[in-house]
Amino acid sequence: MDQIQAIEVHNLVKKFGNFVANDNLNFSVGQGEIFGFLGANGAGKTTAMKILCGLSKPTSGKIRVAGYDVTRQPDKVKKNIGYMSQRFSLYNDLTLKENFRFFGGIYGLSASEIKNRTVQLLDRLGLGNDSGKLLSSIPAGWKQKLAFSVAIMHQPRIVFLDEPTGGVDPITRRQFWDLIYEAAAEGITVFVTTHYMDEAEYCQRVCIMVDGRIDALDTPGNLKTNHHAANMHEVFLKLARKKST
Amino acid sequence: MKQIAVDIRDIRKSYTGIKALQGINIQINSGELFGFIGPDGAGKTSLFHILTSLVIPDSGSATVAGYDTIHDYREIRKIVGYMPGKFSLYQDLTVDENLKFFAGIFRTTIHEHFELYKDIFAQLEPFRKRKAGQLSGGMKQKLALSCALVHKPQLLFLDEPTTGVDAVSRTEFWEILQRIKYMGITVIVSTPYMDEAALCDRVALMNKGSIMAVNSPENIVRSFGKNLYAVKSEQMFPLPGLLATIEHTKAVYRSGEYIHYLNEKDDFDPVLIEIYLRACGHGMIQVHQIAPSIEDCFMVLMQQSKAQKAA
Amino acid sequence: MKGFIYKEFLHIFRDPRTMLILFGMPIVQVLLFGFAITNEINNAGIAILDESKDEMSIALTDKLLASGYFTLKENLRSRDEIEAVFRKGNTSLVVVFEPQFSSRFIREGQAAVQLIADASDPNTAHLLSVFASGIIRDFSGDISIINKPPLTIRIQTNMLYNPELKGVFMFVPGTITVLLMLISAMMTSISIAKEKEMGTMEVLLVSPLKTWQIVSGKVVPYILLSFINALIILLLAYTVFAMPLRGSLLLLLAESILFIVMALTMGIFISTISNTQQQAMLLSMFALMLPTILLSGFIFPVENMPDALQYLSHVMPSKWFIVIIKQIMLKGLGITYFWKETLILALMTAFFLIMSIRKFNVRLA
């Protein structure tokens with residue numbers, strides 16, 4: 001199953017006028033891998049992520065996501081990915097069930113599929129009895145977990161998570177990562193950005209962007225060894241500070 | 001003797017049935033760098049709104065520099081600098097225009113207290129004619145901080161200034177806050193990032209509208225009371241579940257590349273972990289005792305308060 | 001305070017949308033109307049009933065037709081045909097020369113021309129008669145230079161179907177009212193709501209600024225801009241549409257300022273009860289704009305409305321302002337004739353001002 005790469009990026013370049021947001025990126029992510037995508041604000045993370053999700057066109061380069069070309073088959077790409085960000089949440093004025101039904105409908109799931117997945121995902125979160133509650137009555141940390149469940153509802157090949165745990169308490173944050181591990185164990189590729197450096201350690205491989213380029217791409221263990229750092233926080237500071245000073 | 005800058009007495013506040021603050025009591029000293037640490041929904045912003053006189057509490061009282069937040073709100077507004085959680089400068093005005101405007105409403109000029117923020121402003125210098133909306137995240141924070149300092153406040157309230165900001169800019173920002181503190185300004189910050197607690201003189205750990213602990217970061221760590229072990233093996237995924245089955249386990253959770261393990265028994269021998277894991281077929285086992293971080297303390301306190309509530 | 005007002009101007013001048021509403025809208029509205037009306041005038045069909053057919057009447061007819069405003073549709077033979085020619089619909093004005101036009105003109109020094117307009121479209125009728133009268137006066141002036149004693153042509157204007165020209169000039173007072181309302185109330189409420197939405201209001205509140213300073217800082221720029229707008233519309237009305245100004249200009253401007261301030265206090269009031277720009281905009285639209293357009297007598301005469309709506313129109317500030325403008329501009333009356341309306345506006349201003357100050361919170365809601 002790991003024969004086909006989930007994400008393949010060759011010579012990705014994205015320019016805005018004279019400004020080079022992504023400068024010749026090359027990397028691939030395997031199916032079922034948890035891939036951390038780090039970088040300072042303005043390093044080009046969001047730009048690259050938008051291109052991978054088919055929301056923005058690269059200036060040049062060959063990018064395949066879930067086996068489809070993002071420039072030529074963006075619709076196919078969108079069908080096979082899930083997306084969740086801290087900013088994008090579910091609808092507060094709908095019940096949990098209604099949220100699932102709506103987003104399931106978007107991805108073209110049948111009524112029975114929606115029903116089954118809703119029960120399955122809510123049970124996993126321990127919210128099986130709350131499906132009729134309004135989302136607004138659910139605590140903040142749980143909403144993130146719900147949003148993640150909705151993002152993987154259609155069993156995408158890849159799920160993109162943009163700072164999914166911002167502002168979440170440490171216990172809920174870990175529960176969130178349990179969900180990520182479970183999804184990865186089911187074969188879903190997880191592509192995640194975060195500002196929490198301890199979370200970088202949870203990833204199988206980490207890519208650190210600096211000034212539009214990939215400055216480092218390796219397992220957290222190798223990165224720490226190579227940069228003589230005690231933890232990922234130090235690795236990040238060493239790499240990102242290099243340019244800002 | 002230390003002077004009290006902020007005195008919070010039994011503040012309570014509810015919004016449409018949700019108890020945002022459930023009886024907060026804290027004294028903050030003059031010249032202190034004080035941090036409110038807690039996740040979203042802890043009540044940090046509600047408390048800042050009350051202290052900056054923007055919101056009236058349901059009950060309880062608070063003074064800032066000796067002024068009551070309800071009756072003497074005019075006095076408070078003259079002496080505090082406030083940076084709300086949301087970026088709140090005028091995006092369509094340039095760096096210079098924003099600064100000039102905020103100087104104007106505090107009846108001062110950019111130059112009067114320039115020495116306070118000249119270091120911060122030096123980094124903004126190349127972008128003075130740029131509109132605030134077009135600055136990068138880190139630069140926006142620096143501009144907002146400059147604007148909050150323009151009138152040389154006695155107290156500075158910063159609500160989640162580093163949320164969504166990358167680790168490098170965050171570190172820089174905290175270095176700036178240290179400098180501001182040494183200029184004699186009481187700095188009161190809130191943040192959801194537990195690791196930032198170590199940079200404060202004292203912190204209050206907040207969760208769900210309550211204070212779980214108030215102390216210096218060192219003392220909070222010291223009061224952890226139990227031995228904390230970091231565990232690692234070649235099979236990280238099943239490790240937490242396995243560790244949880246050890247007798248008298250109090251807490252098991254991921255932390256970076258390790259699993260943190262806590263046992264209820266004071267005389268717990270960590271060699272047990274190694275023996276047990278080896279018996280379960282794990283290799284490359286590492287177990288060592290570590291000093292708990294603020295995050296470790298926070299989680300233990302969260303569990304305790306949950307247990308108390310259940311009881 | 002100065003800095004606040006300066007900043008507000010920066011906001012306005014930097015936002016293309018705001019600029020468009022502020023300055024584009026009045027000009028576009030006036031020009032659109034102007035275009036519609038001049039189009040009609042350029043192609044205006046006229047009919048001539050020449051009862052003398054002599055040297056002078058023919059020369060004047062030529063001059064009228066040469067002006068470019070009028071196209072001759074028909075030559076009539078008797079007065080009985082006038083009604084019929086209007087019925088056909090392509091003629092808006094009939095010019096009637098009395099018998100022995102030349103001889104009366106030269107011998108008695110005075111001849112008469114009758115202008116009969118189809119006043120079912122009062123604006124066009126008014127403009128056409130104004131233009132025709134101008135040309136005729138011009139003609140008599142030319143001849144008077146050669147001849148002394150001065151010769152005059154007596155012009156008698158008849159407005160058929162709508163002799164009182166009900167509805168004429170409604171456009172100008174109506175537009176001024178709507179635009180002032182729009183700019184003053186909607187723009188201020190939106191700009192204050194914007195500060196709330198962006199979070200900047202929090203920072204302003206936690207500063208030594210007092211409520212009245214924040215409010216006037218937001219409002220003063222719009223008073224100025226609204227006033228400039230009022231001047232532009234009046235100027236266009238005067239020059240392009242030949243709208244008379246019979247009363248005192250100063251009084252008119254003073255009343256306009258009163259109305260602007262009234263609208264601004266409404267805007268502030270709206271902003272106190274809305275938290276987002278969208279809310280402020282919708283509230284202004286439904287609470288101010290639509291009633292202003294529909295109930296103030298701008299489009300539908302108040303007298304023709306059902307009783308219930310007539311009562312409702314009494315609480316529309318714009319209704320009273322339209323009455324005031326008409327009294328000053330068309331009738332040339334002084335304050336003694338509409339002190340009641342002025343007082344009503346002043347009371348409304350006071351009402352909204354008090355309400356806004358009570359509602360405008362020194363804290364977050």
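**Domains, strands and chain contact**

Trainee: Which residue ranges make up the domains into which chain B is divided?

Mentor: This is a predicted model, in which local features need pLDDT of at least 70 and side-chain atom pairs count only at pLDDT 80 or more, while totals for chains, interfaces and linings use all residues. Residues are numbered from 1 along each chain as its sequence is written, with chains lettered from A and ligands numbered from 1 in the order in which they are written. Domain bounds come from an automatic or database domain assignment. For chain B they give domain 1 (4–221) and domain 2 (225–291).

Trainee: What distance separates the centres of domain 1 and domain 2 of chain B?

Mentor: The centres are taken over C-alpha atoms. For these two domains of chain B, the separation is 39 Å.

Trainee: Why is strand β8 of chain B largely enclosed by the rest of the structure?

Mentor: Strands (E, at least two residues) and helices (H or I, at least four) are DSSP runs, numbered from the N terminus. Strand β8 (residues 186–191) of chain B is largely enclosed because the number of its six residues that are buried is six.

Trainee: Which residue of β8(B) is the bridge partner of B:Leu33?

Mentor: Two strands pair if DSSP finds at least two bridges between them. Strand β3 (residues 33–37) of chain B runs parallel to β8(B), joined by five bridges. Within β8(B), the partner of B:Leu33 is B:Val187.

Trainee: Which residue stands opposite B:Thr186 of β8(B)?

Mentor: Strand β7 (residues 155–159) of chain B also pairs with β8(B), in the parallel sense and over five bridges. Opposite B:Thr186 stands B:Leu155.

Trainee: In the four-stranded open sheet of chain B, which strands stand at the edges?

Mentor: The strand order is β12-β13-β11-β14 (chain B), with antiparallel pairing. Each edge strand has a single partner strand, so one side of it is left without a neighbour in the sheet. These edge strands of chain B are β12 (249–255) and β14 (286–290).

Trainee: Which helix gives the most to the side of chain A that touches chain B?

Mentor: Residues are in contact if their C-beta atoms, placed from the backbone, lie within 7 Å. By that cut-off, 28 residues of chain A are in contact with 27 residues of chain B. Giving the most to this side of chain A, with six residues, is α9(A).

Definitions and conventions: Buried ≥ 20, exposed ≤ 12 C-beta atoms within 10 Å, placed from the backbone. Contact = placed C-beta atoms within 7 Å.
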